[in-house]
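Please look over the structure below before reading the report. The text then takes up a few of its features in turn.

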Amino acid sequence: MPKNDAVTFSLSDIGEALALLTRLPVHSEFTRGARAAWAWPIAGLVVACLAGIVGWAGIKLGLPAPAVAALVIGAQMMMTGALHEDGLADTFDGLWGGFDRHERLEIMKDSHIGSYGVLALILALILRWSALTALVGAGSFAPFLAAVAMSRAPMAVLMSVLPNARGSGLSNNFGHPPRDTAWLAVGAAMLIGLFAIGWSVVVLAFWVSLPVAALATIARTKIGGQTGDILGASQQIAEITALLTLAAWL
């Protein structure tokens, strides 16, 4: 895949983002590679809108907020193939299950899931479900759209600022996004958030950045950079933080 640092735009970037980050029937040759990373928040918005339709249908059927929240999360996981959840589990297994850099990377590469990964997934699902239940109860899906779209931007940022820790795998093969591309991803996420929740998006972005920065620091210290699993974990952590923050405001 190309690793050209030129910052350019193409409508095909949205298709590449959807083909990479979802299981939706979108075909792409991935000719743009890392240069398409700016469109990742748009892919998140598409997932959020489709999941939101599922939630709206649940509300119209008279389902309680907890059930609607569970259906929305389930719809998200079906559309993404639980890609990010898998990354979260592997990240926790590797970063806290290994005793040195090599062992941590090997654990993260293993398809099996360990205790740390299971616990991380359980906690993540509980937090997402609880926060989303509060948002559904408040009667608005707009904050949900902002949270899901914005959660894709940290992946582009971490991929740009951190070296690849393994030298192989999807993250390495995809390329290294130019810094400007990563900031364009942030800009796209902020613009979506601005339309969804207004200028509160600035405060939301601040709170989201804190745990993502902590993850980046831990990953650099423990494995020397980022991997696809670290990127997936950053998405989950960002979405959970955004949902919890929005739920607290409501």
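This is a predicted model: local features need pLDDT of at least 70, side-chain atom pairs count only at pLDDT 80 or more; totals for chains, interfaces and linings use all residues.

Residues are numbered from 1 along each chain as its sequence is written, and side-chain values use heavy atoms, with hydrogens and water left out.

Helices are DSSP runs (H or I, at least four residues), and they are numbered from the N terminus. Helix α12 takes in residues 228-249, and its end C-alpha atoms are 32 Å apart, which agrees with the span of 32 Å that its 22 residues should have at 1.5 Å a residue. The expected span is 1.5 Å times one less than the number of residues. Because 18 of the 22 residues of α12 are buried, this helix is largely enclosed by the rest of the structure. Buried means under 20% relative accessible area, exposed means over 50%, and partly exposed lies in between (1.4 Å probe, protein chains only).

The structure also holds one cavity of 30 Å³ or more. A cavity is a set of points on a 1 Å grid over the protein atoms alone where a 1.4 Å probe fits but cannot get out, and lining residues have an atom within 4 Å of a point. About 40 Å³ of space lies in the largest cavity. Its lining includes V47, H84, R128 and Q235. The elements that give two or more residues to this lining are α3, α4 and α12, and α12 gives the most, with three residues.

Next come the aromatic pairs, of which the structure holds three. Rings of Phe, Tyr and Trp (its six-membered ring) pair if their centres lie within 6.5 Å; planes under 30 degrees apart count as stacked, over 60 as edge-to-face and the rest as tilted. Two of the pairs are set out here.

| Pair | Centre to centre | Angle between planes | Type |
|---|---|---|---|
| F92 and W96 | 5.1 Å | 25 degrees | stacked |
| F141 and F144 | 6.3 Å | 75 degrees | edge-to-face |

F92 and W96 both lie in helix α4, four residues apart. F92 is partly exposed at 27% relative accessibility, and W96 is partly exposed at 37%. By contrast, F141 is buried at 19% and F144 is buried at 0%.

F30, between α1 and α2, has a positive phi near 55 degrees. A82, between α3 and α4, also has a positive phi near 55 degrees.

Technical notes. On a 1 Å grid over the protein atoms alone, a cavity is a set of points where a 1.4 Å probe fits but cannot get out, and a pocket is an open set with protein on both sides within 12 Å along at least five of seven lines; lining residues have an atom within 4 Å of a point. Grid points are joined across faces, edges and corners, and a volume is the space filled by probe spheres set on the points.
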